[in-house]
Amino acid sequence: MDQNLRASIQASTFYYFMIGVAIVTISQLSTMIVIVFADIEGKENVVAASVIGPCLIGAFGIIRLLTNMTLLVSDMDDEMKSSNYGSAMQSIPFPILKIIFALIFIIIAVIQLSAIY
């Protein structure tokens, strides 16, 4: 793969990751504000759906994006791997990070759902 194309794909994947985290975090925070400050009596299922949706989108999105990064890093040629950039990218534990980030979204959703019911 062309190194410029790879760098462009890696940068866009990282930006998609950051945008996804920001959108899901804002969604989770706004849902938490509704849970804490609004009268949701009789509307618990609607609020619960607004918790579960962003949780699943965030968890699966992060897993997909970090899997893309893993594949891009594994596709580096020898020259790229030996550069500072290549060695830094190879040292990032993408498989562990995707589990940690997905679990964070799931734990937040469980806490929010326990506050609803």
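Helices α1 and α5 pack at an angle of about 10°, and their axes are 10 Å apart; here an axis is a line fitted to C-alpha atoms, for helices over the stretch in contact, and angles run from 0 to 180 degrees between N-to-C directions. The helices themselves are DSSP runs (H or I, at least four residues), numbered from the N terminus. This is a predicted model, in which local features need pLDDT of at least 70 and side-chain atom pairs count only at pLDDT 80 or more, while totals for chains, interfaces and linings use all residues. Residues are numbered from 1 along each chain as its sequence is written, and side-chain values use heavy atoms, with hydrogens and water left out.

Given their angle, α1 and α5 are therefore roughly parallel to each other, a label used for angles under 35 degrees, whereas those over 145 count as roughly antiparallel, 65 to 115 as roughly perpendicular and the rest as oblique. The crossing of α1 with α5 is left-handed, meaning that the near helix is turned anticlockwise from the far one by less than a right angle (clockwise would be right-handed). On the α1 side, Phe-17, Val-24, Gln-28, Met-32 and Ile-35 meet Phe-101, Phe-105, Ile-108, Gln-112, Ala-115 and Ile-116 of α5, where contact means heavy atoms within 4.5 Å. Sorted by class, the residues of this contact are nine nonpolar, two polar and no charged; Ala, Val, Leu, Ile, Met, Phe, Trp, Tyr, Cys and Pro count as nonpolar, Asp, Glu, Lys and Arg as charged, and the others, Gly among them, as polar.

How does α1 lie against α2? Helix α1 (residues 3-37) and helix α2 (residues 44-74) pack at an angle of about 165°, with axes 10 Å apart, which means that α1 is roughly antiparallel to α2. The contact of α1 with α2 has 16 nonpolar, eight polar and one charged residues, and the crossing of these two helices is left-handed.

In soluble globular proteins, nonpolar side chains tend to be buried together.

Thr-13 lies in helix α1 and counts as buried because its relative accessibility is 6%; buried means under 20% relative accessible area, exposed over 50%, and partly exposed in between (1.4 Å probe, protein chains only). Leaving aside neighbours within four places in sequence, Thr-13 is in contact with Leu-65, Asn-68, Met-69 and Leu-72. Ala-48, in helix α2, is likewise buried, at 6% relative accessibility, and, with neighbours within four places in sequence left aside, Ala-48 is in contact with Leu-113, Ile-116 and Tyr-117. Ala-48 and Ile-116 are 68 residues apart in sequence, yet 7.2 Å apart in space, C-alpha to C-alpha. Leu-29, in helix α1, counts as exposed at 52% relative accessibility, and its C-alpha atom is separated by 13 Å from that of Val-47, 18 residues apart along the chain.
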